[in-house]
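Subject: A structure for you to explore

Hello,

Here is the structure I promised to hand over. Please open it next to this email and follow along as you read.

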Amino acid sequence: MKDFQRKYDALIIGFGKGGKTLAAFLAKEGWQVAVIEQSPLMYGGTCINIACIPTKSLVHSAETKMPYSDAISEKIRLVTLLRQRNFEMVDQFPNATVITGTASFLSPRQISVRLADTGEEVIMESERIIVNTGAKPVIPQIPGMQESQRIFTSTTLLEVTQLPEQLVIIGAGYIALEFASMYAQFGSTVTLLNRSPTFLPNEDPEIAEAVMKILIAKGIRIELGAKVDKIIPGDADADTVVYHQAETQKEIRAAAILVATGRQPNTESLNLAAAGVQHDNRGFILVNEHLQTNVPNIWAIGDVNGGPQFTYISLDDFRVLRSQLSQFQPHTVLDRKNVASALFITPPLAQVGLREHEAIAQGYRIKVASLPVATSTRAQILKETEGVFKAVVDADTNKILGCTLLCVNSSELINLVQLAMHAGLDYTVLRDTIYTHPSMSESLNDLFAKI
């Protein structure tokens, strides 16, 4: 590790996407920058090490029918490669220093860092401090959970080298569904316990129904309105999960129990009070459209500020700070419109803009088109014909209000729709564009032709 200073032009607490990109940019501009990260196993941040990258690696391995143990080895190889690459992205600059330790505020301009290797406590200061500490899984208070040896989060389950025969997932959000789809394809018997009586309540009903149908076809058992009562630690093979639906109590055995019930900010060790930084009742740091906290020289970027928890949002957070700390064009979070998302089940579910029920609720007069994925020649070639395309258009202006794609390669295809929406193009542009053939993108010809 490089020798570190006591004063920097910018101190960045956390090595996530926004922070590392900002550190490299500022170092290139000649600033003295330090990035403080608790563990060398987290260089690069959550996405690289314990979230997006390892899970998508496993999703791909599951889709290609790679044995689970080999998939874990491939995941480790990829993460190790990217972790080192991300470290070097910052460390290559002589005026950028990566410090491994735990940071906490002493004042708005001073932090204390307890070094991981020696335990020594050092004090550093800066006129600009950026908090980029991310988030972690929420662990609900369920009787028996503390005694069980089979409770996992999305982080710890990725470390298990032996495929669990029976996987019970508490929750039914994006993380829960990705793990359910992935582990079912590896060969686990998967049960989803969804506390809500409605599956994917934010989606239009026909989309939620299509996703459920696909998951059930993979052998996944989906229990709606299921409230977990307790975990009974069992024998060497499995625990018992006790839950109820309405007035009926049920039990299910589980070799592994994944808790996927939301995420909370990593702020407990920061001593925010010493800096006077305000947060909400869940601990997320409050920021304005410039990502400034109530303390003007302190910013919060990435998952810790309570915004959408996507890596590409963290990257845009970097752009927001870049516009304030350099001569780039002004940019704030208010500039974000029609941000696309993708749920990496198989096939993936991608979405941008308004869903049909959201457009109606906002008072738009709309035109709606949908199309089975089986109509796509490319999907037929790939033998990936499950799913549906759906588009929502403003009947008065012909502008695209939203699009939902449940199909192979949808996570790529949705970006084309998003780009058209950002450009303010009429839906007819996507309808009449000449696409390569055979491709998934040419399905946009047929989808928007139905408007």
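Let's start with the strands around the largest cavity: strand E22 (388–394) and strand E23 (400–406) each supply at least two residues of its lining. Strands and helices here are DSSP runs, numbered from the N terminus, with at least two residues (E) for a strand and at least four (H or I) for a helix. Before going on, please note that this is a predicted model, in which local features need pLDDT of at least 70 and side-chain atom pairs count only at pLDDT 80 or more, while totals for chains, interfaces and linings use all residues. Residues are numbered from 1 along each chain as its sequence is written, and side-chain values use heavy atoms, with hydrogens and water left out.

**The cavity and a pocket**

A search of the whole structure finds 1 cavity of 30 Å³ or more, and the space in the largest cavity is about 30 Å³. On a 1 Å grid over the protein atoms alone, a cavity is a set of points where a 1.4 Å probe fits but cannot get out; a pocket is an open set with protein on both sides within 12 Å along at least five of seven lines; and lining residues have an atom within 4 Å of a point. Grid points are joined across faces, edges and corners, and a volume is the space filled by probe spheres set on the points.

Among the residues lining the largest cavity are Asp 204, Arg 355, Lys 390 and Cys 403. By type, this lining divides into 4 nonpolar, 2 polar and 4 charged residues. Here Ala, Val, Leu, Ile, Met, Phe, Trp, Tyr, Cys and Pro count as nonpolar, Asp, Glu, Lys and Arg as charged, and the others, Gly among them, as polar.

The second largest pocket has a volume of about 540 Å³. It is lined by 20 residues, and Val 59, Glu 63, Thr 346, Pro 348 and Glu 384 lie nearest its centre. Helix H3 (52–63) gives the most to this lining, with 5 residues.

Thr 346 also has a part in another feature: the peptide bond from Thr 346 to Pro 347 is cis, with omega near 0°. You will find Pro 347 in the loop between strand E19 (341–343) and strand E20 (349–353).

**The sheet**

Next, look for an open sheet of 8 strands in the order E1-E6-E5-E4-E3-E2-E7-E18, with mixed pairing. Strand E1 (7–8) and strand E18 (298–300) stand at the edges with a single partner strand each, so one side of each has no neighbour in the sheet. Two strands pair if DSSP finds at least two bridges between them.

E1 pairs with strand E6 (residues 121–126) in the parallel sense over 2 bridges, and Tyr 8 stands opposite Ser 126 in E6. Strand E4 (residues 96–107) and strand E5 (residues 110–115) run antiparallel and are joined by 6 bridges; a hairpin of 2 residues connects E4 to E5. E5 and E6 also run antiparallel, with 5 bridges. Their hairpin has 5 residues between the strands, and there Gly 119 takes a positive phi near 80°.

**The nonpolar core**

Which residues touch the most other members of the largest nonpolar core? They are Ile 169 and Val 211, out of 40 residues in this core. The largest share of this core, 8 residues, comes from H5. A nonpolar core is a set of buried Ala, Val, Leu, Ile, Met, Phe, Trp, Tyr and Cys residues joined through side-chain atoms within 4.5 Å. Buried means under 20% relative accessible area, exposed over 50%, and partly exposed in between (1.4 Å probe, protein chains only).

Leaving aside neighbours within four places in sequence, Ile 169 is in contact (heavy atoms within 4.5 Å) with residues including Phe 179, Leu 192 and Leu 258.

Is Leu 200 buried or exposed? At 9% relative accessibility, Leu 200 counts as buried. Its phi is near 45°, a positive value in a residue other than glycine. Asn 338 has a positive phi too, near 55°, but Asn 338 is partly exposed, with a relative accessible area of 30%.

Enjoy exploring!

Best wishes
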